[in-house]
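Reader: I have a chain to go through with you. Let us start with its strands and then turn to its domains.

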Amino acid sequence: MSIPERSLPVHAPMNQFAVEDGQLVVGGERLAMLAERVGQTPFYAYDRALLKARVAELRLALPEGIKLHYAMKANPMPAVVGLMAGLVDGIDVASAGELKVALDVGAHPQEISFAGPGKRDVELRQAVASRVLINIESFREVSVLASISSDLGLPARVAVRVNPDFELKGSGMKMGGGPKQFGVDVEQIPDLLAKVASAGLAFEGFHLFAGSQNLRAESICEAQQKSYELALRLADGAPSPVRFLNLGGGFGIPYFPGEKRLDLAPIGDNLAQLVQRAKTELPETSLVIELGRYFVGEAGVYVTRILDRKVSRGQVYLVADGGLHHHLAASGNFGQVVRKNYPVTIGTRADAPEKEVVSVVGPLCTPLDLLADRMTLPVADVGDLAVVFQSGAYGPTASPQGFLGHPACVEVLV
Ligand SMILES: *Cc1c(COP(=O)(O)O)cnc(C)c1O
């Protein structure tokens with residue numbers, strides 16, 4: 001009788017990047033040459049062809065009536081936003097800084113929406129002057145927008161962000177349901193809509209965003225259904241027909257061992273039903289979903305060079321020139337409860353048969369600066385390039401680059 005091997009959870013295969021002569025190929029270039037071209041390590045590289053392929057894959061899986069918005073906080077590199085602006089139907093910004101980038105790269109103001117819980121008065125003013133859609137998140141914002149609109153002689157285009165009475169089950173981050181700093185509780189929406197109407201703002205619709213980083217299609221479908229039903233109920237009390245309904249997003253990507261890629265098929269079926277219903281129930285409404293990491297996360301790698309190889313009491317450490325200060329999420333310090341390894345490889349020896357258990361650490365004087373904790377990786381030495389996959393979202397702009405005064409990383413779109 002054979003004893004079944006204990007099957008440890010493994011990372012989802014990272015086969016979006018080819019391997020040639022042992023080297024990972026990113027943006028059509030082998031990694032060592034790409035590093036020469038960039039001129040320094042550490043760097044982030046985002047693969048243009050993969051970004052395009054991801055949008056195409058979504059278009060194929062989802063019904064035609066669904067508009068795709070890119071939530072650019074996931075990756076606000078201007079070149080990436082510019083590429084995405086040409087591929088998707090709108091850009092969602094979360095600050096006036098992001099709004100500037102979106103406008104600079106040529107995104108059409110009609111297709112930009114602005115959400116976020118603490119919009120400063122000047123940001124609201126910039127948004128009105130830019131003629132973008134503002135997702136209202138409080139009663140105070142209505143008052144401020146009323147006075148800006150009359151000042152500028154330009155009624156603010158607004159949607160109301162609703163904090164629903166349900167949450168997105170199984171999300172990495174819950175952003176709706178229960179008490180939240182986001183949006184306005186559904187119970188208060190009738191009062192808010194009355195205030196929007198009397199303030200003379202240009203009401204366009206509703207925004208719901210229940211949560212993020214979800215790998216369970218059935219939970220996403222459930223949240224989309226509930227969001228649609230909720231908006232349908234609220235539409236009765238709206239000052240004008242709903243033209244815009246943002247059903248949120250939350251599509252996740254596999255980061256950790258045991259996680260599998262999201263199955264788009266049931267989500268496509270579910271959205272097709274909603275599109276069909278909206279034809280009669282909300283005939284003037286565009287249905288939108290907004291995604292950040294799902295568009296960009298899998299197309300990016302973080303590349304760092306091994307500076308030192310040390311053995312401490314039997315454990316091998318590869319000390320790299322990059323770490324937590326550029327990639328907080330891979331170090332495990334960006335919202336994870338229990339630290340787990342991102343998928344990592346040695347990009348200059350990607351298919352080497354000799355492997356060993358190593359920890360890849362960064363140069364910072366803190367044990368938190370850990371990119372790979374006792375992972376089985378190809379045997380590597382000083383000069384090799386370590387690669388962190390799934391790094392196209394929430395990378396450099398979500399990391400404390402000033403911490404310890406090391407050089408900043410570079411980003412390239414290739
Ligand atoms: C952050 C955010 C997103 C993007 O989330 P992802 O997990 O990157 O898809 C979308 N919409 C809103 C309102 C957000 O705050």
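Reader: How many bridges pair β16 and strand β17?

Author: This is a predicted model. Strand β17 covers residues 315-320 and runs antiparallel to β16. In this pairing, V311 stands opposite V316 of β17. The number of bridges between β16 and β17 is six.

Reader: Which residue in the hairpin of β16 and β17 takes a positive phi?

Author: The hairpin has two residues between its strands.

Reader: Which residue of β16 stands opposite Y46?

Author: Strand β4 spans residues 43-46, and strand β16 spans residues 300-312. The two pair in the antiparallel sense, over four bridges. Opposite Y46 stands G300.

Reader: And which residue stands opposite L385 in β21?

Author: Strand β21, residues 385-388, also pairs with β16. The sense is antiparallel, with four bridges. Facing L385 is R305.

Reader: Now the domains. What distance separates the centres of domain 1 and domain 2?

Author: Domain 1 is made of two segments, 13-46 and 298-413. Domain 2 takes residues 76-291. Over C-alpha atoms, the distance between their centres is 34 Å.

Reader: How many residues does domain 2 bring to the contact?

Author: Both domains take part in the contact. Domain 1 gives 15 residues. Domain 2 gives eleven.

Reader: Which residue forms a salt bridge with E298?

Author: The interface of domain 1 and domain 2 holds one salt bridge by the rule. For E298 and its partner, the closest N and O atoms lie 2.6 Å apart. The cut-off is 4 Å, so the pair counts. The partner is R261.

Reader: Which strand gives the largest share of the side of domain 1 that touches domain 2?

Author: Three residue pairs are in polar contact between the domains. The strand in question supplies three residues to the domain 1 side and spans residues 410-413. This is strand β22.

Reader: How many nonpolar residues does that side of domain 1 have?

Author: Sort the side of domain 1 that touches domain 2 by class. Five of its residues are polar and three are charged. The nonpolar residues number seven.

How values were computed: Residues are numbered from 1 along each chain as its sequence is written. This is a predicted model: local features need pLDDT of at least 70, side-chain atom pairs count only at pLDDT 80 or more; totals for chains, interfaces and linings use all residues. Side-chain values use heavy atoms; hydrogens and water are left out. Domain bounds come from an automatic or database domain assignment. Contact means heavy atoms within 4.5 Å. A salt bridge is a side-chain nitrogen of Lys or Arg within 4 Å of a carboxyl oxygen of Asp or Glu. A polar contact is a pair of N or O atoms within 3.5 Å; within protein, one must be able to donate a hydrogen and the other to accept it, and residues adjacent in sequence count only if both atoms are side-chain atoms. Ala, Val, Leu, Ile, Met, Phe, Trp, Tyr, Cys and Pro count as nonpolar, Asp, Glu, Lys and Arg as charged, and the others, Gly among them, as polar. Two strands pair if DSSP finds at least two bridges between them.
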